[in-house]
Amino acid sequence: MPRRYLNLTPLPEALAAMRRAFPPPDHAETVPLRLAVDRVTAEPLYAGYSVPEVDIAKFDGYAVKSGDTLGAQDQRPLPITDCARINTGELLPPSFDAVVMVEDTWDDDGIPWVRKSAAAWQNVRHAGEDIRAGELVLSKGHPIRPFDLGALATYGITRVRVRSVRVGIVPTGSDLVPLGVAPEPGQTVETNTLMAEAYLTRMGATCRRYGIVPDDPDRIQEAVQEAVAENDLVILSAGSSAGTRDFSRDVVGALGEIIFHGIAVRPGKPVLLASVDGKPVLGMPGYPVAAQTVLREVAGDLLAWWGLSPLRGEELDVRLSRRLASDLGFDEFVPVSVGRVDGTCFATPHPRGGGIQMAVVRANGYIHIPAEREGIEADEEVRVRLTVPPAEIARTLICVGQRDPALSELRNCLSDTGYMLHCCNASTVGAVLAIRAKTCHAASVCIPETEAAWNDQVLRYLPEVDLLRVQVTRTELGVVSTADLDPGSVASLRFINRPKGSAARVFLDAWLDRQGIDPGRITGYEHEVRTPGAVATAVSNGFADAGVCPARMAREAGLRFTPLGYESCELLIREELAADEGVATLIRTARSPEFQERLRLAGR
């Protein structure tokens, strides 16, 4: 019988239960100043001495008696015989009470002439002006920043007492291989602990990554006991779900007390929290994006509760470009790309799911859909938590549509100009509707080179919109197969198809019609994959006998190719946006010889 989660605890309740179970530990350690960045002070820090310790000169010039300079003007300069040459930071001689900058004097046979009178203590830094001995520099609980180091060193502080939280991170899974090892089919590179270490270290934790533990309850138990003995918090990566090889719950349940198993959050539902020897053991999902959610919303919350520095990105109120549905009762976190289009900031969602890691890589922020909402409507104002500096938003260009590989090369070229191209996946219709709603800078469409396709897929939705068409690439499509294609035997082949509306589907349907073949008789006609690469792979691996993909992929896979026609990948841009500096740069880059050369070298 399959195991089920003990419950699905709402996220706020889960966080509250976690805080009640694990009060902040009072642990601290002393570290050298150079290792103190991103750590949090465990006690107040006081200056070891005054800065400056004595009265010193602010600028290069002459130490003078201010009374000797009274009446000095540009038209009536005064010679000063009782003075001393002084440099910035040097001790002010006791007999003088001001400094005249060298720019306000000139030398006449060794005697300085002053063209401006000086007030008492002008250009003098008094002892303790910056800070006095024993004065507070940083309070307890202060996250130490890079520029704090200079001040601390200046004030005589060379070692710092900081809050100490030790985190042990244990990866589990017989399918895992370490970083640097190419995974075989069915294997996965272990990356979650690398990600967890980087994230939690930035909060000020001291992390230790343990070796990969296979799916063996006894070995997992040994690893947990070792990690609990050596750390304040233990994180188990993978094994917290309800599959036949998920042993985390059974292991930690035998060693301690389960606090919750499963929280109402997406992605990241199968999260586990237990108390073992009074210490928290957190089981996070193996899917990378789900693991990121647990690290950010659960582990990060616990460490912040324990006094470490929370990692909170800047927040920005923007408009949502299209409707997002969500299930009631679940807190959902959705990666988005934010860009300013014609003066308005829009957030365009990326695909959701715990395993779609590139969605997070391509995004520059995320939104939180609260559990009490069934979704967010298009054009509704939402708050985005940015994962990049806010200044990057002004240099971000949003392209909605199909992610042709050539767009990656365009993005590389564009980055040389200081702009970033964010490609958000959508169907051709979705891309055209985004152009109509003015929620993106450009739409990428891949359509057959036929007038009928252009009219049906583009113009029917944009009848009164003036468009610029910028061709990105032109691709020959055809039927790929392992053997020569005989129209008479097509009905006996197993096909793998592309989605309705795609150029591959249009060409295939037209070809079948010319051959007089009913699509309903084709085995696998309803089996759709999202990418042309998936078609070539399926045919190469024997999962299908035929499908439609580009000629280049057929050549690379060593497959037979029957040409059907050409697909054009174009950027559609509203003419009124072409004057925008970023959009104009995008157009120039797409038409540039440099971009064409990149495509040639990449074999596009």
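## Reading a predicted model, feature by feature

Student: Coming back to Thr-105, does it count as buried or exposed?

Tutor: Burial is read from relative accessibility, with under 20% as the cut-off for buried. Thr-105 counts as buried because its relative accessibility is 10%. Its side chain reaches the backbone oxygen of Val-102 at 3.0 Å. Leaving aside its neighbours within four places in sequence, Thr-105 is in contact with Tyr-62, Val-100, Trp-113, Val-114 and Arg-115. Two of these names return in other features: Arg-85 lies over the face of Tyr-62, at 5.3 Å from the ring centre, and Trp-113 forms an aromatic pair with Trp-106.

Student: How many aromatic pairs does a search of the whole structure find?

Tutor: The search of the whole structure finds 2 aromatic pairs. Trp-106 and Trp-113 form a stacked pair, at 6.0 Å centre to centre and with 10 degrees between the planes. Trp-106 counts as partly exposed because its relative accessibility is 34%, and Trp-113 counts as partly exposed at 23%. Phe-333 and Tyr-366 form an edge-to-face pair, at 6.2 Å centre to centre and with 65 degrees between the planes.

Student: Why does the pair of Phe-333 and Tyr-366 tie together parts that are apart in sequence?

Tutor: Phe-333 lies in strand E25 (residues 331–341) and Tyr-366 in strand E27 (residues 365–369), so the pair ties together parts that are 33 residues apart in sequence. Phe-333 counts as buried at 7% relative accessibility, and Tyr-366 is buried with a relative accessible area of 10%.

Student: How should I read the nonpolar cores, and which residues have the most contacts inside the largest one?

Tutor: The general idea is that in soluble globular proteins, nonpolar side chains tend to be buried together. The largest nonpolar core in this model has 33 residues, and those with the most contacts inside it are Val-167, Leu-200, Leu-233, Ile-235, Ile-263, Leu-282 and Leu-303. Among the elements that give two or more residues to this core are helix H1 (11–21), strand E14 (166–171), helix H3 (192–202) and helix H6 (288–305). H6 gives the most to this core, with 7 residues. A second, separate core of 23 residues includes Cys-413, Leu-421, Ile-587 and Ala-590.

Student: In helix H14, how many of the residues are buried?

Tutor: Helix H14, which spans residues 581–590, is mostly covered, with 8 of its 10 residues buried. Ile-587 and Ala-590 are among the buried residues of H14. Asp-580 caps the N-terminal end of H14, with a side-chain oxygen that lies 2.9 Å from the backbone nitrogen of Gly-582.

Student: Which residues other than glycine have a positive phi?

Tutor: Asn-123 has a phi near 60 degrees, and Asp-277 has a positive phi of about 55 degrees. Asn-123 is found in the loop between strand E10 (111–114) and strand E11 (124–125), and it is buried, with a relative accessible area of 16%. The side chain of Asn-123 reaches the backbone oxygen of Val-99 at 2.9 Å. Asp-277 lies in the loop between E21 and E22, and it is exposed, with a relative accessible area of 67%.

Student: Finally, where is the peptide bond cis?

Tutor: A cis peptide bond joins Val-51 and Pro-52, with omega about -10 degrees, and Pro-52 lies in the loop between strand E3 (45–46) and strand E4 (56–57). The peptide bond from Arg-266 to Pro-267 is also cis, with omega near -10 degrees. Arg-266 lies over the face of Phe-330 as well, at 4.0 Å from the ring centre.

Technical notes
Residues numbered from 1 in each chain as written. Predicted model: local features only at pLDDT ≥ 70, side-chain atom pairs only at ≥ 80, totals over all residues. Heavy atoms only, no water. Buried < 20%, exposed > 50% of the residue type's maximum accessible area, 1.4 Å probe, protein only. Helix = DSSP H or I, 4+ residues; strand = E, 2+ residues; numbered from the N terminus. Polar contact = N/O pair within 3.5 Å; in protein donor to acceptor, adjacent residues only side chain to side chain. Phe/Tyr/Trp six-rings, centres within 6.5 Å; stacked < 30°, edge-to-face > 60°. Lys NZ or Arg CZ within 6 Å of the ring centre and 35° of its normal. Core = buried A, V, L, I, M, F, W, Y, C linked by side-chain atoms within 4.5 Å. Contact = heavy atoms within 4.5 Å.
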